[in-house]
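Hi,

Here is the structure I promised to pass on. Have a look at it first, and then read on for what turned up.

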Amino acid sequence: MTQTNSQQHQYRQIWAAGMWDNNIVLKQSLALCPLLAVTSSATNGLGLGLATTVVMIAANALTSMAKGVISKAVRIPANIIIIASLVTLIDALLNAWLHPLHKVLGLFIPLIVTNCAILGRVESYASKSPLLPSLLDGLAMGLGFTWVLTMLGGIREVMGSGTLFANASLLLGQHFAFLETTVIPEYRGLLLVILPPGGFLILGAVLAVKQKVEQLLTERRAIAAAPVTGG
Amino acid sequence: MMQLALDKWKESIGYQSGLLAAICGLAALILVLVELWTRPLINQRIEEDQNALLDEVLAGATYANKVFAKSEAIDIQQRHYEIFTVKNGQGGTTHFVVRGTEEGFSGTISFLVGVDTEGVITGVRIISHSETPGLGDKIELAKSPWVTEFNQHSLANTPLWGVKKDGGTFDQFTGATITPRAVVNGVHTAMQALAKNMEEQPHDAN
């Protein structure tokens, strides 16, 4: 295998890990606190997901660049300072220049500090890896988090309020107003699904489905690998 | 040999405390600079938001003074209200704006009420709240026109301030009664606070 090939292989693995194999929510079961608090609608899920992705990429990059300087014993406080400063920085910059977006995301940004998944990535990956793979790892893990949040928010929103991507144009701009759909007109709402306990129930169901899918995939692979017998 | 000595030095207490201090200092410096840089911009944005809300509660009426610069505080029924006076170009009072808070279903609801000199509501808007998304958040104009029901109401023409479930005048939402009830109570008390304030120190209305 040539140098570039093995590198490509490595990048593909990082991508697959973030999206599915080692997904923050589905596999690592991290970041459940912001997850349950925010995913009452698909738009909210998407908002927190994107904000987290940005912080994750930046935190991974900074940690990777500083890994030669930061000694092992003090790496955790050092990393926490990096993450907390980044979040504060992004909060202030968004508030000053992208104020309408900040009004929608404002609630989520301080929540990012509580997200143990970011410290997890910095600790287990970026503090040992070169810059480029660390950037990719932040992107993959962040987008993996984003799609799970958006899906969970979507399920809860449809079941709880009968809409999907309500107020998406407030988050993404007027071009995305077409995303806003009413799935069940005149729906009276199911409060339980919108409140945090509903989040736990739906998350449980999603994890069960993920397990089943993986089981089926493994079985299929086993069948495909088995020698064909008889006729 | 050189590398080894360097690694050993990195494990020393001196290096580690120095490193942490340097990181803290650098982070603090960056944050202070960004704070200094963005603070005026953020204040400007907040002011713009407030003025946009002000335009809405005054139903587009024009004003010539800096409304939020000066306020009168008034306490009524253990609640705190701030009353702002809206003046026209000639210095005459045209409207009053009351800012108040009320406990909702899950936290404090902060609102703004615009009232003309006759005591008739020109508009009510919610400044901030933390009600249940999809249920209680229909008090926001972006989500539902409910809050415009207050327009044209006054203490004189509305004998029963309450939601219809309690025999009052205002609608509740399906699935959420506590939130609209809180807003109706809050606006009612704000109107009483304004009336009390007018009695105590009558403003010239022209």
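Let me start with Arg39(B), which is partly exposed at 42% relative accessibility (buried means under 20% relative accessible area, exposed over 50%, and partly exposed in between, with a 1.4 Å probe and protein chains only). Arg39(B) pairs with Glu35(B) in a salt bridge, with 2.9 Å between the closest N and O atoms; the term stands for a side-chain nitrogen of Lys or Arg within 4 Å of a carboxyl oxygen of Asp or Glu. Glu35(B) is partly exposed too, at 37%. Helices (H or I, at least four residues) and strands (E, at least two) are DSSP runs numbered from the N terminus.

Before going further, a word on the basis. This is a predicted model, where local features need pLDDT of at least 70 and side-chain atom pairs count only at pLDDT 80 or more, while totals for chains, interfaces and linings use all residues. Residues are numbered from 1 along each chain as its sequence is written, chains are lettered from A and ligands numbered from 1 in the order written, and side-chain values use heavy atoms, without hydrogens and water.

Two further salt bridges in chain B are worth a look. Glu56(B) and Arg125(B) meet at 2.5 Å, N to O. Glu56(B) belongs to helix H2 and Arg125(B) to strand E5 (residues 121-128), so this pair ties together parts 69 residues apart in sequence. Arg125(B) is buried, at 11% relative accessible area, whereas Glu56(B) is partly exposed at 35%. Asp166(B) and Arg181(B) form the other pair, their closest N and O atoms being 2.8 Å apart. Asp166(B) lies in the loop between E5 and helix H3 (178-200), and Arg181(B) in helix H3 of chain B, so the pair links parts 15 residues apart in sequence.

Happy viewing!
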